[in-house]
Amino acid sequence: MKNIKTIIALLLIFSMFFLLCACSDNTDDPSERIIKYNIESEPVTLDPQIADDSASKLVILNIFEGLMRLDENDRAVLGAAENYKANNNYTQYEFTLRDGAMWNDGTALTANDFKYGIVRALSPETGSETVEELYCIKNAEDFHKGKAKETDLGISVSGNKIIFNLQYSDEDFPKVLASPPTMPCNEKFFISVKGQYGREDEFILSNGAFFIKEYGWTHGESIKLRSNKNYVGNKKAVSGGVDISIGSIDNGYEAISDGTVDCYAISGSDLENAKNSGMTIKSYDDTTWGICFNMQNKTMQNDNIRKGLLASINRESIEKAVPAHYNIARGIVPESVEVGSQNYRTKAGEMYIKQSKDAKKYLYKGIEELELTRLTDIEILCPNDEKLQPMINEILEDWNESTGYYFNKNPVSASELEYAVSVGNYTAAFLPIQSDGDSPFDTLKKFRSNESGNVCGLNSKEYDSYISEIENSSDTESLATIIKAEKYLCDNAIFYPICTETRYYASAKNITGITFHQFGAEADFVGAASRQ
């Protein structure tokens with residue numbers, strides 16, 4: 001009996017040993033590990049055809065995959081498409097889907113799903129405000145504005161192929177097919193959820209490397225993504241999933257250091273600490289800070305007042321006050337933007353009103369035109385950010401000295417600044433313009449009449465005509481017009497570019513493979529892995 005008990009005890013010990021080994025093996029398996037990330041706000045919707053906020057786009061680009069996707073250099077690479085070909089003048093493209101492509105529930109993914117998604121995005125009934133980049137498709141703009149039928153669209157399907165006929169030549173069209181509005185949509189599933197598409201995890205069908213696990217979306221708290229076993233793409237998800245917390249993080253570096261997240265945005269002041277601790281750093285220059293005038297304000301509608309203020313600014317003094325991790329700007333469009341694989345700023349050159357001894361003349365002429373005795377109630381609304389104050393002080397000093405008037409500043413929180421500008425409650429403001437993409441159009445369209453995010457309230461038929469022309473041709477074809485549009489903003493003293501901000505994203509020492517896309521910096525987790 002004693003021997004039997006001994007044998008049983010030994011068997012239990014060995015069983016526990018092997019169980020512990022098995023658990024240890026699972027822990028070391030990259031496909032079992034979960035990456036931790038954070039978004040500041042709740043996604044508005046996970047319907048790709050209408051989502052327009054950064055939180056929604058980040059989740060969408062991980063649970064859906066377009067015909068193309070973006071690599072770590074923001075170049076278009078094959079996604080759900082196995083291959084594609086274009087005609088000689090890039091006005092027609094044919095994409096072939098991968099064999100065996102499926103939705104996460106095992107339903108076959110078809111070329112018709114991609115056509116239905118794009119048609120739905122462009123349909124006037126959908127009310128999407130994110131489809132301008134699709135206007136390159138033949139008759140897309142007219143269809144979106146209710147002036148053409150669906151049958152007029154330059155989109156057709158033949159078996160597992162989808163063919164696009166374009167309004168104009170566009171060598172960069174494949175990149176468009178990595179954007180949220182071009183994600184596939186299963187018509188049968190969409191109809192079955194009766195208007196709830198994208199609102200809960202049960203109302204989402206995914207074709208990307210991840211899907212939202214059952215009951216994985218706790219609104220206001222977290223979204224849990226898990227590896228999609230039915231995903232057929234260029235590379236499978238390395239990790240088991242991503243746990244995305246929702247809410248504000250005060251310090252990205254500290255949040256990574258204490259394990260709250262595995263990667264996040266960090267400030268320039270934490271850059272050296274992040275590097276010394278072995279974190280991987282990515283940096284981006286896609287935001288231009290400058291002086292913006294409220295074009296709905298009676299005084300600021302006068303171009304001589306605006307020009308007089310800007311012509312008094314001493315650029316050299318400002319340059320000396322530019323803080324660390326910021327660079328002096330050469331124009332409104334950021335340095336990193338390209339046109340036809342060439343740097344746009346190099347092509348266009350510097351653009352801003354130069355300092356002039358005629359600054360006072362402009363101001364006095366404007367005062368006379370407005371029938372005023374003097375300028376009053378003009379202040380710079382600005383962020384309450386210590387590192388930016390020296391630049392703002394230099395501007396005020398130049399204005400005060402050159403004009404003989406006294407101007408002041410009103411430092412407020414970032415949210416207060418954003419709100420005041422959005423409702424037009426300011427005269428002049430020092431604020432950032434962040435590009436939505438890697439085309440000059442993505443920056444310049446922000447000043448179009450009635451455009452969402454038109455911070456200055458500009459309403460100009462001449463400027464709108466430039467934007468319309470750029471929108472309906474490729475960047476390469478419309479380069480001269482792009483330069484005219486930026487020059488209009490500069491010469492008419494609408495926005496005065498001062499500096500560009502370098503933003504930083506860091507990944508923990510043991511985390512590899514996370515891709516941050518420069519414009520909007522949505523994170524792509526398909527290649528993310530955790531090393532112990």
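In H16, Glu-462, Tyr-463, Tyr-466, Glu-469 and Ile-470 meet Thr-481, Ile-482, Lys-484, Ala-485, Tyr-488 and Leu-489 of H17, where contact means heavy atoms within 4.5 Å. By class, that contact splits into seven nonpolar, one polar and three charged residues. This is a predicted model, with local features needing pLDDT of at least 70, side-chain atom pairs counting only at pLDDT 80 or more, and totals for chains, interfaces and linings using all residues. Residues are numbered from 1 along each chain as its sequence is written, and side-chain values use heavy atoms, leaving out hydrogens and water.

Now for the geometry. H16 (residues 461–471) packs on H17 (residues 479–491) at about 150°, with the axes 9 Å apart. So H16 is roughly antiparallel to H17 (angles over 145 degrees count as that).

Over to another pair: helix H9 (residues 303–311) and helix H12 (residues 359–369) pack at about 155°, their axes 7 Å apart. That makes H9 roughly antiparallel to H12 as well. On the H9 side the contact includes Asn-304 and Leu-309, and on the H12 side Tyr-362 and Ile-367 are among the residues taking part.

And the core? The largest nonpolar core holds 87 residues, and Tyr-37, Phe-95, Ile-137, Phe-164, Phe-173 and Phe-525 touch the most other members. Such a core is a set of buried Ala, Val, Leu, Ile, Met, Phe, Trp, Tyr and Cys residues joined through side-chain atoms within 4.5 Å, buried being under 20% relative accessible area with a 1.4 Å probe, protein chains only. Helix H3 (residues 111–122) gives this core its largest share, seven residues.

Methods:
Axes fitted to C-alpha atoms, helices over the stretch in contact; angles between N-to-C directions. Helix = DSSP H or I, 4+ residues; strand = E, 2+ residues; numbered from the N terminus. Parallel < 35°, antiparallel > 145°, perpendicular 65-115°, else oblique. Nonpolar A, V, L, I, M, F, W, Y, C, P; charged D, E, K, R; others polar. Buried < 20%, exposed > 50% of the residue type's maximum accessible area, 1.4 Å probe, protein only.
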